[in-house]
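Thanks for coming, everyone. Please take a look at the screen, and then we'll walk through it.

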Amino acid sequence: MTAPLAVTSWSSVSGFGIGAQAFASGIVSGQPGLVPGQPGPVPGQPGVRGPEDGQRAPASSVPGFDIRQLLGRKNTRSMDRLTGLAVLTVGRLLDGERAAGHEFSGAETGLVLGTTTGSVQSMMDFSRDSFTLAKPYLVDPARFPNAIMNCAAGQCAIWHGLRGPNATIASGQVAGLSVLRYAARLHRFGHARSVLCGAVEELTPQRAWLEDQRQDGSGHPPPGEGCGVFRLESADEAHAGGRPVFAYLLATAFCVYASASGVPAALADCVSSVLGQAGASAGDVWMLASELPDAQRAGLDKVIGGRPRRIGLATATGDTGAASTALALAAVISHAGADPATRDRLALVVSADREGLAGAAAFRVPPHPGGTDHAGH
């Protein structure tokens, strides 16, 4: 088994606020990040109502998120919300590292960002303009890059001088797990000395409308948004540089399924695989982080039983889509930092996307001084 990679810094934005400290405080205390306020109606979608129509539903947007106030007016005129969330989160992580005295070479740092489809708002707005303007080619060219799936990852690299490999992974709910495997592969084959990896999802009227069309009446949480980003590097380099280790990535596994009835078996296979790769047993699992409905958790119960502590974010931050598993890892780290007795334990992050992919990742959370020390501000 190859040596596990270490998570040496992290940051996030979510309904709890901006930065790792805000997230850790919110998730550990159990305070809700849901606030009244469904996004407004989608242009061109009659009958889809929003706050101005008197409709108020729980949602989970990042409080105080204003792109120009947080990132400045330069180069942000046409930046969409999803890109702004990603650029801000990566910036907070790097700021935290610099404040702790840890500098990294941009040329040796890669970036892998997970998403569902990129910015739904940008894609729908640009497509709509091509139909509604006097001529299709009168669309605003400055808005076209936002409609491309890898726009956010590219802008993160440009803004923060990351010149290593740059990749975007589109795998919906399991995106936060997919980026970990991709990042580990980049590191293993020497393409980057360290890799920033994470996932992002925006909350806009367009995405809210699409999510509403997909609901099947089974009680899905309201839509939310957020971004979680982590630095992965070798444990040896982290120790040599005096950097804290918040978690060790032990294993990842993925399975496909053809229908909803196949989810429990797919998840059970994923969990069995990561436990085998980690050389662990079901009794070693301290925490299970997932947003799975009860019917899908049946497969997990057969493998690990009901002993692990279970945490979920949907009731606090809403359905954060592609960002959900990234924020789940942030929740594991936050809980471990708040309770010394839980450190040096095994944690699992598990998810299943509605399009047929299930995934799991195993982590060991070592003893460390605190849950967010040296993390992003």
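Is Ser9 buried or exposed? Buried, because its relative accessibility is 0%. Here buried means under 20% relative accessible area, exposed over 50%, and partly exposed in between, with a 1.4 Å probe and protein chains only.

A word on the source. This is a predicted model, where local features need pLDDT of at least 70, side-chain atom pairs count only at pLDDT 80 or more, and totals for chains, interfaces and linings use all residues. Residues are numbered from 1 along each chain as its sequence is written, and side-chain values use heavy atoms, leaving out hydrogens and water.

Back to Ser9. It sits in strand 1, residues 5-14. Strands are DSSP runs of E, at least two residues; helices are runs of H or I, at least four; both are numbered from the N terminus.

Next, helix 4, residues 120-132. Its buried residues are Val120, Ser122, Asp125, Phe126 and Asp129. Helix 7 (205-214) is part of what covers them.

Take Phe23. Beyond its neighbours within four places in sequence, its contacts (heavy atoms within 4.5 Å) include Trp10, Leu313 and Leu327.

How values were computed:
Expected span 1.5 Å × (residues − 1).
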